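Keep the viewer open as you read.

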Amino acid sequence: MMSEPRAVATGFITFESQPVWLFSFSPKQSARRKRTSRMFRSLTVLALAAVTACAQPPATQTFPTPTVHTPGTIKLTYVGNEGVLISDGTKAVLIDGLHRKYDDDYLNPPPDVLAAMEAGKPPFDQVRVVLVSHVHGDHFSAESVGLHLKNNPKAVLVSDAQKMGDIARLYADHALIRDQTAELTPAWKQSIAYEKDGIKVTLLGMKHGSDRFWWIKNLGHIIEIGGKKLFHFGDADNTMENFAAFNLAAEKIDIAFIPYWFLLNENGRKLVRETIAAKHNIAVHISPQNADADAANVKKLSPGVDAFTKMLEERSY
Ligand SMILES: [Zn+2]
């Protein structure tokens, strides 16, 4: 981890972990020269530290550090795996962000980001709607969702009976957050709409990929916020039947989040292109072990597709 530039007493500043010397000091200087030198030194250190601090963004973004939001746009902040904060500048949806470390194959939120999410600190204090695609540990932690709701009373979890059941079973303070839950359970191929604070969410009943997870309820979500329409479908099974009932092309989706394996074969790419037919596609669920190569491969196979690979990277639309 690199740290922000900082002034230190010994007369240099560090920038991107490299010491940058500002002056040299000879022990033979007269007392007066030493006084002048000390004063000059302090001023130089302060001035250069200030200039450096203003001119350079922090080498590593630490939380909480919300960035400027361009009015009239929505801003996406990637919080790992399939987790995204979707903000219109004053209010936000947090989907699949509230989970803990699963294993090293997944981009898990690091401790500072997880703590900010669970505590509802900026920018997560904007969250009004919390969504969860499914209860696997790379998308959901009952404890993390419970803590966020407890610490951000304006937020509501909108989800199906399986998520609510896990929270009741696994989050000790669930009685405190019961009023902040809206249980909606669409059957497979069915949808249910919900609206709060100008945010509209349509929950779609979809199947999770792989037969061994037949018992996992996977929700798709169409999210309308700040004049944009976004589609997030968790780890839905990559079959036409799982998507066809929702008539997604007619929805005219602006931004779709695509688990990157959909883009590795022609069936998946066709589904993304023709059945979802979003204006912009962002590949997600890319393992940090091979992120650059996987993202490059996906972009080569589907020109124009974007990819999230780095914690807290942002996009505006
Ligand atoms: Zn997953």
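Before we look at strands facing each other, one convention: two strands count as paired if DSSP finds at least two bridges between them. With that in hand, look at Phe231, which stands opposite Ala256 in S14.

On to another partner of S13. Strand S12 (residues 217–225) pairs with strand S13 (residues 228–232) in the antiparallel sense, this time over 5 bridges.

Now step back for a moment. This is a predicted model, so how far does the confidence go? The mean pLDDT of the chain is 84, with 79% of its residues at 70 or more. Residues 1–37 are a stretch with pLDDT below 50, although the model still gives this stretch 50 contacts beyond near neighbours in sequence. Residues 42–60 also stay under 50, and for them the model has 24 contacts beyond four places in sequence.

As for the overall make-up, the chain has 9 helices and 17 strands. Of its 317 residues, 38% count as buried. If you take the contacts between residues at least 6 apart in sequence, 64% of them join residues at least 24 apart.

Next, the sheet. Seen in order, S9-S8-S7-S6-S5-S4-S17 make an open sheet of 7 strands with mixed pairing. Its edges are strand S9 (181–183) and strand S17 (314–316), each of which pairs on one side only. On average, neighbouring strands of this sheet are turned by 20 degrees against each other, direction ignored. Within it, strand S7 (residues 127–131) and strand S8 (residues 156–159) pair in the parallel sense over 2 bridges, and Val129 finds its bridge partner in Val156 of S8.

Last stop: a helix pair. Helix H2 (residues 111–119) packs against helix H3 (residues 142–151) at an angle of about 50 degrees, with the axes 6 Å apart. That angle is why H2 counts as oblique to H3. On the H2 side you'll find Leu114, Met117, Glu118 and Ala119, meeting Ser144, Leu147, His148 and Asn151 in H3. By class, this contact has 4 nonpolar, 3 polar and 1 charged residues.

Key: Residues are numbered from 1 along each chain as its sequence is written. This is a predicted model: local features need pLDDT of at least 70, side-chain atom pairs count only at pLDDT 80 or more; totals for chains, interfaces and linings use all residues. Helices (H or I, at least four residues) and strands (E, at least two) are DSSP runs, numbered from the N terminus. Axes are lines fitted to C-alpha atoms, for helices over the stretch in contact, and angles run from 0 to 180 degrees between N-to-C directions. pLDDT is the predictor's confidence in each residue, from 0 to 100. Two residues are in contact if their C-beta atoms, placed from the backbone, lie within 7 Å. A residue is buried if 20 or more other C-beta atoms lie within 10 Å of its own, exposed if 12 or fewer, and partly exposed in between; C-beta atoms are placed from the backbone. Angles under 35 degrees count as roughly parallel, over 145 as roughly antiparallel, 65 to 115 as roughly perpendicular and the rest as oblique. Ala, Val, Leu, Ile, Met, Phe, Trp, Tyr, Cys and Pro count as nonpolar, Asp, Glu, Lys and Arg as charged, and the others, Gly among them, as polar.
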